[in-house]
Amino acid sequence: MLKVMHSSAQSPTPTPRWEELTNIQPNPAQLDNIKAQLDLVLLALEALAGIGSEAMLQAAAQLNLESKIPDRVALWRLRQSNPLRKGEGGRKKLDVEEARSLTLISCYLAKQHQEQIRRAVALLEQVTQNNEAPHKAALLGDYLDAFSNTYQERMEENENISTDVLTHLALKLLIDLLFYSAPGGHRRLWLALLDRSK
């Protein structure tokens, strides 16, 4: 199964086009929800693949999105616009174009790390079938620990959120990343963001 997946991962896909994300306009209330979801998608990528702001800025440059996200400060402010995050300092309203930019960057990075995402999801399927705890598999355990630690470090509600809830969220995001790393993933993520923010 993994061999088939691996070979399909190598086929070149066209760079996602901005226009494909402009057909549906979210309203201001939806944008707040979209901000939170996009930040969590990026957090999952960070936890799994060790992606930092440098990789995100490189992706922005590759996708010609430097006008939307020119530097680390701009990126930090966009991610800080997630209403779940701690601290008000530097928070700004995320506009639709910035949300689309983060969508394209998220899927571009997911595609770059597709092999690792596939490996983690295949491992998750395996431990689920064997009724084992995901934490016991090294790759999944490292991912879940990194996700949980980073979430608790950055988000407001860390005192009220249980380990089980965080584990469930992290594993759901991992499976989502598999879909976002596929061809057309940016459309899928954008539609999912709109759908979940209704």
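Which residues in H2 meet which residues in H6? Leu45, Leu48 and Ala49 in H2 meet Gln116, Ile117 and Ala120 in H6. This is a predicted model. The protein chain has 9 helices and 0 strands. Buried residues make up 45% of its 198 residues.

**Overall layout**

- Along the sequence, the protein chain reads α-α-α-α-α-α-α-α-α.
- Take the contacts in the protein chain with a separation of 6 or more: residues 24 or more positions apart account for 72% of them.

**The nonpolar core**

- In soluble globular proteins, nonpolar side chains tend to be buried together.
- Here, the largest nonpolar core has 56 residues.
- Ile105, Tyr143 and Phe147 have the most contacts inside this core.
- The elements that give two or more residues to the core are H2 (28–49), H3 (53–62), H4 (72–80), H5 (96–112), H6 (114–129), H7 (138–154), H8 (163–180) and H9 (185–196).
- H2 gives the most to the core, with 11 residues.
- Leaving aside neighbours within four places in sequence, Ile105 is in contact with Met56, Ala59, Ala60, Leu63, Leu65 and Ile69.

**H2 against H6**

- H2 and H6 pack at an angle of about 85 degrees, and their axes are 11 Å apart.
- That angle makes H2 roughly perpendicular to H6.
- The residues of this contact divide into 5 nonpolar, 1 polar and no charged.

**H7 against H8**

- The axes of H7 and H8 come within 10 Å and cross at roughly 115 degrees.
- H7 is therefore roughly perpendicular to H8.
- The crossing of H7 and H8 is right-handed.
- On the H7 side, the contact involves Leu140, Tyr143, Leu144, Phe147, Ser148, Tyr151 and Gln152.
- On the H8 side, these meet Leu166, Thr167, Leu169, Ala170, Leu171, Leu173 and Leu174.
- By class, the contact of H7 with H8 has 11 nonpolar, 3 polar and no charged residues.

**H6 against H8**

- The axes of H6 and H8 come within 9 Å and cross at roughly 130 degrees.
- H6 and H8 are therefore oblique to each other.
- The crossing of H6 and H8 is left-handed.
- Ile117, Arg118, Ala120, Val121 and Leu124 are the H6 residues in this contact.
- They meet Leu171, Leu174, Ile175, Leu177 and Leu178 in H8.
- By class, the contact of H6 with H8 has 9 nonpolar, no polar and 1 charged residues.

**Leu166, a residue of H8**

- Leu166 lies in helix H8.
- Leu166 has a relative accessibility of 2%, so it counts as buried.
- The cut-off for buried is under 20% relative accessible area.
- Leaving aside neighbours within four places in sequence, Leu166 is in contact with Phe147, Ser148, Tyr151, Gln152 and Ile161.
- Leu166 and Asn149 are 17 residues apart along the chain, and their C-alpha atoms are separated by 9.8 Å.

**Tyr108, a residue of H5**

- Tyr108 lies in helix H5.
- Tyr108 is partly exposed, with a relative accessible area of 22%.
- Not counting residues up to four places away in sequence, Tyr108 touches Ala59, Gln62 and Leu63.
- Tyr108 and Tyr180 are 72 residues apart along the chain, yet their C-alpha atoms are separated by 8.6 Å.

**Two loop asparagines with positive phi**

- Asn64 lies in the loop between H3 and H4.
- Asn64 has a positive phi of about 60 degrees, although it is not a glycine.
- Asn64 is exposed, with a relative accessible area of 64%.
- Asn131 sits in the loop between H6 and H7.
- Phi of Asn131 is near 55 degrees, a positive value in a residue other than glycine.
- At 73% relative accessibility, Asn131 also counts as exposed.

Definitions and conventions: Residues numbered from 1 in each chain as written. Predicted model: local features only at pLDDT ≥ 70, side-chain atom pairs only at ≥ 80, totals over all residues. Heavy atoms only, no water. Core = buried A, V, L, I, M, F, W, Y, C linked by side-chain atoms within 4.5 Å. Buried < 20%, exposed > 50% of the residue type's maximum accessible area, 1.4 Å probe, protein only. Helix = DSSP H or I, 4+ residues; strand = E, 2+ residues; numbered from the N terminus. Contact = heavy atoms within 4.5 Å. Axes fitted to C-alpha atoms, helices over the stretch in contact; angles between N-to-C directions. Parallel < 35°, antiparallel > 145°, perpendicular 65-115°, else oblique. Left-handed = near helix turned anticlockwise from the far one by under 90°. Nonpolar A, V, L, I, M, F, W, Y, C, P; charged D, E, K, R; others polar.
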